[in-house]
Amino acid sequence: MMELDSSSMKLKIKPISYPVMEISLKNGSEHEDDFLETEVTFPMEFWLSLALTLKGGAKGMGAFGSQGVMSGLKRMSQRIMAEIEAENRRLKFKETYESFTNFVVQINSRTDLDDVRKGQIIHDMAHKLKLEA
Amino acid sequence: MWERDILELSNLLQYIIDQYIYEISQYNQWKQRTDSIYEEKLHKILEKLLTALNLVSQIITFELTLQKLSLVDRQIYGSLFHTAKEILARTDLDKIRKGQIILDLAAQLDFNSEQLEEFEQTSLERQVE
């Protein structure tokens, strides 16, 4: 969160929503509805830089830093890196993932199979697809 | 591997029946024979019997382990399906993300299949005459 005079900007970073971040802007005026919430897509470089900054921050805290904060920063950095990698795979195998979801939806709607059999079919199909990242 | 074992066991049992059970049925004739040929033959039959019993024991163990793994698989498949169902119901994820999560999850379950393959490869490796 960043405040300037009476204006403020809040940036919500959720690795799961990569590459999108939520931004809330509030103007310093007295009107309560003078408020904007939007989603902005940030480039991979920005996220990468953020992950590295978080990792560096955790290292820089040294021996006297809070273990909880340090591990939190590290975990956040790792999550971002994992999401970047996952997004790359999504871009590469977009159609496969999409058709796999359609397949799971179809299996889910079948009434002639029990849950175990459905799970086995889904597993077998995933095994067949075996994507190379 | 499996069919070969059953066939081998069947051949061994047939051999024992032909060579041992038949002669036992002709007990008087059997009793009179005390020569070395008889002893040699008896020794060979006992060896075959031992091999057959070992084979039966291994097949039973194999079956039990298969059953255990199958039970584990049933639980895993069931929970995979329930998780997949929950992911499908999520509204904050698009189709591509849903597919990726389910696929990655299913890929993590491969350890059990590998375990099963490894078991099949190693457990029945033995020297059978």
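The questions below go from the chains to the contact between them, then to the cores and one loop.

Tutor: This is a predicted model, in which local features need pLDDT of at least 70 and side-chain atom pairs count only at pLDDT 80 or more, while totals for chains, interfaces and linings use all residues. Residues are numbered from 1 along each chain as its sequence is written, and chains are lettered from A and ligands numbered from 1 in the order in which they are written.

Student: What makes up chain A, and what makes up chain B?

Tutor: Chain A has four helices and four strands, in the order β-β-β-β-α-α-α-α from the N terminus. Chain B has five helices and zero strands, so its order reads α-α-α-α-α. Helices (H or I, at least four residues) and strands (E, at least two) are DSSP runs, numbered from the N terminus.

Student: How many residues are there in each chain, and what percentage is buried?

Tutor: Buried residues are 12% of the 133 residues in chain A and 9% of the 129 residues in chain B. A residue is buried if 20 or more other C-beta atoms lie within 10 Å of its own, exposed if 12 or fewer, and partly exposed in between, with C-beta atoms placed from the backbone.

Student: What share of the contacts joins residues at least 24 apart in sequence?

Tutor: In chain A, 35% of the contacts between residues at least 6 apart in sequence join residues at least 24 apart. In chain B, residues 24 or more positions apart account for 83% of the contacts with a separation of 6 or more. Two residues are in contact if their C-beta atoms, placed from the backbone, lie within 7 Å.

Student: How do you know that strands E3 and E4 of chain A pair?

Tutor: Two strands pair if DSSP finds at least two bridges between them. Seven bridges join E3(A) (residues 20–26) to E4(A), and the strands run antiparallel, so they pair by that rule. Among the bridge partners, Ser24(A) has Glu37(A) in E4(A).

Student: Why is E4(A) said to lie largely in the open?

Tutor: Of the seven residues of E4(A) (residues 35–41), zero are buried, so the strand lies largely in the open.

Student: What does each chain give to the contact between them?

Tutor: Chain A gives 21 residues and chain B gives 21 residues. On the side of chain A, the elements that give two or more residues are helices H2 (67–92), H3 (94–109) and H4 (115–129). H4(A) has the largest share of that side, 10 residues. By class, the side of chain A has nine nonpolar, six polar and six charged residues. Ala, Val, Leu, Ile, Met, Phe, Trp, Tyr, Cys and Pro count as nonpolar, Asp, Glu, Lys and Arg as charged, and the others, Gly among them, as polar.

Student: Why are H3(A) and H4(B) called roughly perpendicular?

Tutor: Two packed helices are described by the angle between their axes and the distance between the axes. H3(A) and H4(B) (residues 95–108) pack at about 80°, with axes 7 Å apart. Axes are lines fitted to C-alpha atoms, for helices over the stretch in contact, and angles run from 0 to 180 degrees between N-to-C directions. Angles under 35 degrees count as roughly parallel, over 145 as roughly antiparallel, 65 to 115 as roughly perpendicular and the rest as oblique. H3(A) and H4(B) are therefore roughly perpendicular. The residues of this contact divide into six nonpolar, three polar and four charged.

Student: What makes H4(A) roughly perpendicular to H4(B)?

Tutor: Their axes cross at roughly 90° and come within 9 Å, and that angle makes the two helices roughly perpendicular. Ile122(A), His123(A), Ala126(A) and Leu129(A) meet Ile102(B), Leu103(B), Ala106(B) and Ala107(B).

Student: What makes a set of residues a nonpolar core?

Tutor: A nonpolar core is a set of buried Ala, Val, Leu, Ile, Met, Phe, Trp, Tyr and Cys residues joined through C-beta atoms within 7 Å. The largest has 13 residues, and those with the most contacts inside it include Ile122(A), Leu80(B) and Ile102(B). H3 and H4 of chain A, with H3 (36–89) and H4 of chain B, each give two or more residues to this core. Apart from it lies another core, of five residues, among them Trp47(A) and Leu73(A).

Student: Is Phe46(A) buried or exposed?

Tutor: Phe46(A), in helix H1 (residues 44–60) of chain A, has 12 other C-beta atoms within 10 Å, so Phe46(A) is exposed. Phe46(A) is 27 residues from Pro19(A) in sequence and 9.3 Å away, C-alpha to C-alpha. Pro19(A) is in the loop between E2 (7–12) and E3 of chain A, and a cis peptide bond with omega of about 5° joins Tyr18(A) to Pro19(A).
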